[in-house]
Amino acid sequence: MKKNKYNDEEIIEGLRQGNDNVLNFLYKNYYGVVRNMVLKSSGNEDQARDIFQEVIIVIYNKLQDSKFKITSSFFTFFYAVIKITWLNYRKLNMKNPLGYAKDYNDEIGSQVAADDIEILAAQAIRNNLFTTYFKQMTEGCQKILKFYLAEYKAEDIALELGLKSANYVRKRKSECLKLLIEKIRKDALYKELK
Amino acid sequence: MNTDREKLIIGMIKNKLNTVQTVHFDDLFANDENFREDFIITSHLMSNINDKKTMDIRAKLDSIYNEMYVTHKKAKMIRLIKQNWYSAAAVIAVLVMIGTFWFTYLNKQGWNEQLYNTYYEADEVFVNTRSKANFNVDVLHHGMELLEKKDFSAALAEFNKLPNSLTANYYSGVANMELNNHELAVIKFDYVIEDYLNLFYDQAQWYKGLCLVKLEKKTEAISLFYQIAQTESYFKDKAKQIVADLREN
């Protein structure tokens with residue numbers, strides 16, 4: 001059921017299930033704060049959207065582990081991950097000699113497990129890097145790799161995508177994978193993340 | 001990556017290698033940096049691309065974003081185009097009135113007051129923490145609530161309890177500007193600017209510049225705004241404009 005307001009438990013459970021209404025609620029209520037933060041610190045709209053979405057996804061994935069518990073309010077936790085992701089993203093991109101973000105304890109203090117935040121923030125940045133390069137590939141490459149990684153047989157992929165032969169699929173798949181890995185490998189951000 | 005290596009990598013990720021292949025994999029992984037890197041990248045790719053649930057969430061988020069922002073922007077553009085020219089005439093009339101008022105008003109002020117009033121716009125406050133478990137959070141939260149209610153002196157008293165917090169120092173600078181304590185505000189913003197890697201860096205620089213204008217420190221202000229204009233700061237366009245305005249005065 002679509003509601004205007006959700007409590008923390010409903011948000012966490014809804015996000016765990018990928019509920020459309022909760023995702024809408026999160027976008028409607030939280031994206032503005034994230035966008036404002038990113039734009040005001042030399043970021044752009046695309047970066048705001050990427051950071052927001054990747055953080056939602058890493059929290060969604062983390063919530064699939066039933067042992068994982070958010071001990072603060074959901075917003076505090078979410079905003080802490082957003083903030084560290086963005087600060088670390090900026091730091092990695094700028095190759096700034098200063099250390100990672102260090103002032104967030106002011107606001108989140110001991111309520112949020114700092115290790116979780118750092119791990120999720122690093123995952124969000126890494127996922128964004130991989131997804132960005134994947135999306136930059138041709139549609140053909142994207143489809144072949146998706147099918148291939150989902151363990152479809154080359155014969156079935158050829159049939160599904162209307163390609164001339166299974167051998168062609170194997171050849172294209174290897175070329176696409178190689179190209180994608182090379183692009184990621186050359187990315188300055190990836191080098192910093194290693 | 002050649003086909004054999006690719007088979008080993010995918011086989012390992014999918015847990016389908018036999019004993020001989022596993023030994024071969026382990027050997028390459030231990031001794032070949034390129035192989036190791038290929039394996040790490042491919043593993044990440046698989047967890048990103050191959051997870052249907054994650055891809056579904058990604059698609060839903062894209063769709064919500066497009067619905068909320070892209071569609072909204074297009075609709076707004078169409079509405080703007082559809083507006084008839086009576087609206088345009090009304091806008092022009094209002095602009096003329098504002099211009100006349102502004103001209104009269106500005107002529108009564110000094111150059112610094114004029115520029116300060118033109119460019120100063122109070123920063124928005126986002127109260128974003130709600131914990132009761134942490135002293136710093138409570139104080140910061142309370143200070144920001146007071147700032148939002150425009151009770152600047154009370155907000156300052158709260159922020160002053162956190163002398164080492166970048167956030168508290170930044171909002172303390174904002175509150176001091178509102179109270180016309182521009183020299184104090186500069187000190188607070190300087191504290192924030194010292195640390196390049198924080199979210200208030202751009203705003204602190206900009207507001208410090210406006211304080212310098214207010215304090216009639218024209219050369220320092222030009223130098224700071226010029227510096228901002230050379231960066232990718234959110235305020236770079238405004239900074240270019242104010243540098244031009246300052247040089248005219």
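From the N terminus onward, chain B is built in the order α-α-α-α-α-α-α-α-α-α-α-α-α.

Figure 1. Chain B contains 13 helices and 0 strands. Of its 249 residues, 31% count as buried. Among contacts in chain B with a separation of 6 or more, 41% are made by residues 24 or more positions apart.

**Figure 2. Confidence of the prediction, with residues 128-133 of chain B in view.** The average pLDDT of chain B is 80, and 79% of the residues score at least 70. Residues 128-133 of chain B, by contrast, have a pLDDT below 50. For the complex, the predictor gives an ipTM of 0.78 and a pTM of 0.56.

**Figure 3. Helix α2 of chain B, residues 19-31.** This helix has 13 residues, which at 1.5 Å a residue should span 18 Å. The C-alpha atoms at its ends lie 18 Å apart, in agreement with that expectation. α2(B) is hardly covered, the count of buried residues among its 13 residues being 0.

**Figure 4. Packing of helix α10 (residues 182-193) against α11 in chain B.** The axes of α10(B) and α11(B) are 9 Å apart and form an angle of about 155 degrees. Angles over 145 degrees count as roughly antiparallel, and α10(B) and α11(B) are therefore roughly antiparallel to each other. The crossing of α10(B) past α11(B) is left-handed. On the α10(B) side, the residues that meet α11(B) are H182(B), A185(B), V186(B), F189(B), D190(B), V192(B) and I193(B). Their counterparts in α11(B) are Y201(B), A204(B), Q205(B), Y207(B), K208(B), C211(B) and K214(B).

Figure 5. Not counting residues up to four places away in sequence, D202(B) touches S233(B), Y234(B) and F235(B) in chain B, together with K40(A), S41(A) and S42(A) in chain A. K236(B) is 34 residues from D202(B) in sequence, and the two are 9.3 Å apart in space, C-alpha to C-alpha.

Definitions and conventions: Residues numbered from 1 in each chain as written. Chains lettered and ligands numbered in written order. Predicted model: local features only at pLDDT ≥ 70, side-chain atom pairs only at ≥ 80, totals over all residues. pLDDT = per-residue confidence, 0-100. Contact = placed C-beta atoms within 7 Å. Helix = DSSP H or I, 4+ residues; strand = E, 2+ residues; numbered from the N terminus. Buried ≥ 20, exposed ≤ 12 C-beta atoms within 10 Å, placed from the backbone. Expected span 1.5 Å × (residues − 1). Axes fitted to C-alpha atoms, helices over the stretch in contact; angles between N-to-C directions. Parallel < 35°, antiparallel > 145°, perpendicular 65-115°, else oblique. Left-handed = near helix turned anticlockwise from the far one by under 90°.
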